[in-house]
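Here is a friendly briefing to keep beside the viewer. Have a look at the model, then work through the points by topic.

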Amino acid sequence: MAIEPASGAVARIDALLPQTQCTRCGYPGCEPYATAIANGSAQINQCPPGGSATIRALATLLGVPILALNPLHGVEALPTVAWIDESRCIGCARCLAPCPVDAIVGAAKFTHTVISERCTGCELCLAPCPVDCIELRPTDSKPIDASVNRERYTTHVARRYLHEQARQRILDAKKANAPRDSDSSRMS
Ligand code: SF4
Ligand code: SF4
Ligand code: SF4
């Protein structure tokens, strides 16, 4: 499904979030969290990747007091990027779809690798890997600009949507061409 641009207060709040889509705030992405802040159902201190800078920016925008980062959502940490141990990667491709910014490249049955310049360290590729060959490593690189992350995420969602549609068309065609029970009983 293509992402509709957010409007009004949600867009202004969303513009202050890091756009890693890491879900640590308790919402399925930055914009859902922005929506929850806008409608008063979430606090401004639930985004560990943004940390105190994001909390300050949100407090200024909304005219509310600055809060400490809620530790239930994580802690502020130094930037990391994912790294794949290619000697252990089995090429299952399960890490590709969860990466919100398409920072992993590889094809089924081939080893995969991370484009570290794109990786936000969101950790979403770790759990799907069946052989635990992805780890996070510290990086000296500056955090990627939120608008770049957002653009990559929008592209990712659109691409996944097209991929799903194509897959569904193949399944539908297979179903339509499959012999029915009545066909096989007529042939016997
Ligand atoms: S970057 Fe912050 S707002 Fe975006 S999903 Fe992660 S925790 Fe939530
Ligand atoms: S490679 Fe992993 S940690 Fe890096 S952005 Fe993609 S899913 Fe997140
Ligand atoms: S999920 Fe793990 S094993 Fe599978 S392709 Fe990705 S890195 Fe390799």
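## Helix α3 and the rest of the model

Thr54, Ile55 and Leu58 are the buried residues of α3, where buried asks for 20 or more other C-beta atoms within 10 Å of a residue's own, exposed for 12 or fewer, and partly exposed for anything in between, with C-beta atoms placed from the backbone. They sit on the same side of α3 because their arc around the axis is only 100 degrees, the arc being that of the directions from the helix axis to the C-beta atoms. This is a predicted model, in which local features need pLDDT of at least 70 and side-chain atom pairs count only at pLDDT 80 or more, while totals for chains, interfaces and linings use all residues. Residues are numbered from 1 along each chain as its sequence is written, and chains are lettered from A and ligands numbered from 1 in the order in which they are written.

**More on helix α3**

- Helices (H or I, at least four residues) and strands (E, at least two) are DSSP runs, numbered from the N terminus.
- Helix α3 covers residues 51–62, 12 residues in total, and runs 17 Å from its first C-alpha to its last. That is close to the expected 16 Å, where the expected span is 1.5 Å times one less than the number of residues.
- Ala53 and Thr60 are exposed, on the other side of α3.
- The buried residues of α3 pack against α1 (8–14) and α2 (30–38), with contact between two residues meaning that their C-beta atoms, placed from the backbone, lie within 7 Å.

**Helix α2**

- Which residues of α2 are buried? They are Cys30, Glu31, Tyr33, Ala34 and Ile37.
- These buried residues line one face of α2, because they fall within an arc of 155 degrees when seen down the axis.
- An α-helix has 3.6 residues a turn, so residues three or four places apart point the same way.
- The cover over the buried residues of α2 includes α1 and α3.
- Gly40 follows α2, and its phi is positive, near 80 degrees.

**Two domains**

- The chain is assigned domain 1 (8–73) and domain 2 (78–176), with bounds that come from an automatic or database domain assignment.
- Six residues from domain 1 and 10 residues from domain 2 make up the contact.
- The side of domain 1 that touches domain 2 has three nonpolar, three polar and no charged residues. Here Ala, Val, Leu, Ile, Met, Phe, Trp, Tyr, Cys and Pro count as nonpolar, Asp, Glu, Lys and Arg as charged, and the others, Gly among them, as polar.
- The centres of domain 1 and domain 2, taken over C-alpha atoms, are 24 Å apart.

**Ligand surroundings**

- Around ligand 1 there are 16 residues, and Cys22, Arg24, Cys25, Cys30 and Cys47 are the closest; a residue is near a molecule or strand if its C-beta atom, placed from the backbone, lies within 6 Å of it.
- The shell of ligand 1 splits into 10 nonpolar, five polar and one charged residues.
- Ligand 3 has 15 residues around it, with Cys89, Cys92, Cys95, His112 and Cys129 nearest.
- The shell of ligand 3 holds 11 nonpolar, three polar and one charged residues.

**Residues in the loops**

- Cys129 lies in the loop between β3 and β4, and it counts as buried because it has 20 C-beta neighbours inside 10 Å.
- Beyond its neighbours within four places in sequence, Cys129 is in contact with Arg94, Cys95 and Ile134.
- Ala93, in the loop between β1 (80–84) and β2 (104–105), is not a glycine, yet it has a positive phi of about 70 degrees. Ala93 counts as partly exposed because it has 16 C-beta neighbours inside 10 Å.
- Glu123, in the loop between β3 (113–114) and β4 (134–138), also is not a glycine and has a positive phi of about 80 degrees.
- Most residues other than glycine have a negative phi.
- Thr111 is in the loop between β2 and β3, and its contacts outside four places in sequence are Glu86, Cys89, Gly91 and Gly106.
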